[in-house]
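Keep the viewer open as you read.

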Amino acid sequence: MYDNGGVLQETVDEIAARLGASATLEDRSFQLLAYAAQSGDIDMVRQESILRRRATEEVRAYFEGYGIATARGPVRIPADADLGVLARVCVPLRHHEVTYGYLWLLDDGTLGSAALASVAGPVARVAAVLAQEVHRRQDLGRNLRELFSTDAEERSWALSELDVRGPVAAIAVRSSPDRVAALWTLPRGVLADSALTAQDESLVALLVPAGQAWELACRIQAMYGTAAGVGGARPEPAQAWRSWREAVQALRVADRVPELAPVAAWSDLGVYRLLARLPEAELRELAGEIGHLAEDPELARTVEGYLDRAGHVQETASALGVHRQTLYYRLGKAERLTGRDLADGEDRLLIHLGLKATRLL
């Protein structure tokens, strides 16, 4: 994703050659961007970083514990046999007082202050390249937010700034609070040049070719480890805002309904396509129609399973692993709690919707 004519790779090679040390370049989310040809020792952390293109959460926590995100100069990190970490120096890549990434140098004891000072120029160059790319993507993200706007004039302006062709689909991903969720954390090669990204305080938004939407949503969701929603395909980018609205609603369902988690597509939501559109106050009102039923999770699951199977007693009992008489007893208890008659079509529908609404709360 950081192309820049190979500047990053060339600069990392230059730094490694000057210092005679292995060098690895990562962004702030510990996503591997470039690494120099191996010389000297290699530890498990560096090997995993190269193979997986990302450090593990455990290793990341170890490194961040040394204050590298706010350090203004090189940070020496000791070896840790349990983690398979060799001693190294972390050089924060800062530009205008903002950290955009990290340069990692395996240290055999020869990386003194003078040696590190000798590569200050290349380090500054790399930091500037990362900052430029981040700002470019932030500008792109602002355009995408305009494209997702419900205001026709804003969408028209965004379309004039973006080179986007249909069919497209939007993806909404819940950002993870325990990791850096800026635009540049998206993995290299996942989005290529075919997707656009934007971010607000809690969501990461993507606009991708419709045919790749599900695959990309799964890969991005795995990166963040939260949930994702996929909107319906639209033949023209001018309609992308509708797909985005659907993606956000699908994400809401993926957040709450285990059967549709961690990635939910708008086309697969069923009745949740209706319920996800409702504001919380109306969902609570609908959920209130089932009385205290939701306070008994097993009973609620039984009734929902029964209604999901169109009232088929034997199928429901088999799925729940209970005797038919046990099922009848639970259904009778549910009727007493709700004051509804499960033999009445309207009451059954109201209870069914109330149980589904409760899930979204």
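Which residues form one aromatic cluster here? In this predicted model, the members are Phe30, Tyr62, Phe63, Tyr66, Tyr102 and Trp104. Across the whole structure there are seven aromatic pairs. Take Phe63 and Trp104: their rings sit 4.4 Å apart centre to centre, with 35 degrees between the planes, making this a tilted pair. Phe63 belongs to helix H3 (residues 57-64) and Trp104 to strand S5 (residues 98-106), so their pairing ties together parts that are 41 residues apart in sequence. Both Phe63 and Trp104 are buried.

Now zoom out a bit. The protein has 14 helices and ten strands, and 48% of its 361 residues count as buried. Looking at contacts with a separation of 6 or more, 62% come from residues 24 or more positions apart.

Next, the nonpolar interior. In soluble globular proteins, nonpolar side chains tend to be buried together. The largest nonpolar core here has 32 residues, and Phe148 and Trp244 have the most contacts inside it. Several elements give two or more residues to this core, including H5, strand S6 (168-174), strand S8 (203-209) and helix H14 (345-360). Its largest share, seven residues, comes from H8. Leaving aside residues up to four places away in sequence, Trp244 touches Phe148, Ala170, Ile171, Ala172, Leu203, Val204 and Ala205. Another core, of 27 residues, lies apart from that one, and among its members are Ala23, Leu105, Val126 and Val134.

Two single residues are worth a click before you go. Leu140 is found in helix H5 (residues 120-147). Its relative accessible area is 16%, so Leu140 falls under the 20% cut-off and is buried. Its C-alpha atom is separated by 9.0 Å from that of Glu161, 21 residues apart along the chain.

Then there's Arg330, in helix H13 (residues 324-338). Is this arginine buried or exposed? With a relative accessible area of 14%, Arg330 is buried. Not counting residues up to four places away in sequence, Arg330 touches Glu298, Leu299, Thr302 and Val322.

How values were computed: Residues numbered from 1 in each chain as written. Predicted model: local features only at pLDDT ≥ 70, side-chain atom pairs only at ≥ 80, totals over all residues. Heavy atoms only, no water. Helix = DSSP H or I, 4+ residues; strand = E, 2+ residues; numbered from the N terminus. Buried < 20%, exposed > 50% of the residue type's maximum accessible area, 1.4 Å probe, protein only. Contact = heavy atoms within 4.5 Å. Core = buried A, V, L, I, M, F, W, Y, C linked by side-chain atoms within 4.5 Å. Phe/Tyr/Trp six-rings, centres within 6.5 Å; stacked < 30°, edge-to-face > 60°.
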